[in-house]
Amino acid sequence: MNIVIVNSATEGAKKAFTLFEQSFQEKAIVFGLATGSTPIELYQLLRESDLDFSDKISINLDEYIGLSAKDEHSYHYFMREQLFNDKPFKENHIPNGLEHCEEIEISRYENILKQYPIDLQLLGLGTNAHIGFNEPGTSFDTRTHKVALTESTIQANKRFFEKEEDVPTYAYSMGLQSIMDAKKIVLLAFGENKAQAVKDMIEGPVTIDVPASILQKHDDVTIIIDECAASLLKRS
Ligand code: GLP
């Protein structure tokens, strides 16, 4: 794992932006994208940049089940606001939260991932070390699947909703193996509330109790963290 410790989230976004620029130079086509508050500054840099995504393909990690693409709490909406309205891609793919038949949605999304292997996968990190919506206990060999959100994820994400009861309890998510299939991975984590998850991900054993620990087995992963998120790491 290539660990980059920066002074602030803003500096972390700048560093991640340079990795996007580099991937453009390397002719990357398929970008795996993430939601959450962590990548917002990076998306701003991408929006304001002159990078042209019109021949690129995006594949998002996850979507809440039960929310339409028009719902302002959906990840479809988030991605349009944060990036796609300003930077048109050739194709954007996000799980369909309104598809109630999980077999149909899983096979549709898996076909997309097979057709378009991900060149650069962007990740955030849940406070319980989830990536995508792969909660602790998720098997490492999972591909796209339907997940029940844990209480801690519902608590962490309720800030985006008016009432806790409005937070969806299920999501479709790329699995841990789908994420590991990406050629390059960049994970961002900022703030003290991520410090334990960061420590477990980097220094702990590779275990399904810490989903992000599987990244230790990937051969091209960059972890960009600020000093607060790095505060529990052993420093040499
Ligand atoms: C959600 C998303 C994850 C994201 C995580 C962290 O659960 N499914 O992809 O990484 O939240 O969110 P934040 O960046 O807001 O801390």
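1. Tyrosine 77 is partly exposed, at a relative accessible area of 28%. Here buried means under 20% relative accessible area, exposed over 50%, and partly exposed in between (1.4 Å probe, protein chains only). The model is predicted: local features need pLDDT of at least 70, side-chain atom pairs count only at pLDDT 80 or more, and totals for chains, interfaces and linings use all residues. Residues are numbered from 1 along each chain as its sequence is written, and side-chain values use heavy atoms, with hydrogens and water left out.

2. Where does tyrosine 77 sit? Its place is helix H3, residues 75–84. Helices (H or I, at least four residues) and strands (E, at least two) are DSSP runs, numbered from the N terminus. Leaving aside residues up to four places away in sequence, tyrosine 77 touches Ala69, Lys70, Asp71 and Glu72. Contact means heavy atoms within 4.5 Å. Leucine 33 is 44 residues from tyrosine 77 along the chain, and their C-alpha atoms are separated by 14 Å.

3. H3 also matters for the next topic, the largest pocket. H3 gives the most to its lining, with 3 residues. Strand S4 (62–64), H3 and helix H5 (151–157) each supply at least two lining residues. The lining counts 31 residues, and Thr35, Gly36, Ser37, Asn157 and Phe160 lie nearest the pocket's centre.

4. How much space lies in the largest pocket? About 650 Å³. The search uses a 1 Å grid over the protein atoms alone; a pocket is an open set of points with protein on both sides within 12 Å along at least five of seven lines, and lining residues have an atom within 4 Å of a point. Grid points are joined across faces, edges and corners, and the volume is the space filled by probe spheres set on the points.

5. Now the charged pairs. The whole structure holds 9 salt bridges. A salt bridge is a side-chain nitrogen of Lys or Arg within 4 Å of a carboxyl oxygen of Asp or Glu. One of them joins lysine 184 to glutamate 26, with the closest N and O atoms 3.8 Å apart. Lysine 184 lies in strand S9 (residues 184–189) and glutamate 26 in the loop between helix H1 (9–25) and strand S2 (30–33), so the pair ties together parts that are 158 residues apart in sequence.

6. Both partners are partly exposed: lysine 184 at 24% relative accessibility, glutamate 26 at 45%. The pair belongs to a network of salt bridges that links Glu26, Lys184 and Asp220.

7. Aspartate 181 forms a salt bridge with arginine 143, the closest N and O atoms being 2.8 Å apart. This pair links distant parts of the chain, 38 residues apart: aspartate 181 is in the loop between helix H6 (176–180) and S9, arginine 143 in the loop between strand S6 (120–123) and strand S7 (145–148). Aspartate 181 is partly exposed at 41%, and arginine 143 is partly exposed at 36%.

8. Aspartate 55 and lysine 56 form another salt bridge, with the closest N and O atoms 3.8 Å apart. Is lysine 56 buried or exposed? Lysine 56 counts as buried, at 5% relative accessibility. Aspartate 55 counts as partly exposed, at 41%.

9. Last, the surface near the start of the chain numbering. Isoleucine 5 is in strand S1, residues 2–6, and is partly exposed at 33%.

Notes: 1 Å grid on protein atoms, 1.4 Å probe; cavity = no way out; pocket = protein on both sides within 12 Å on 5 of 7 lines; lining within 4 Å.
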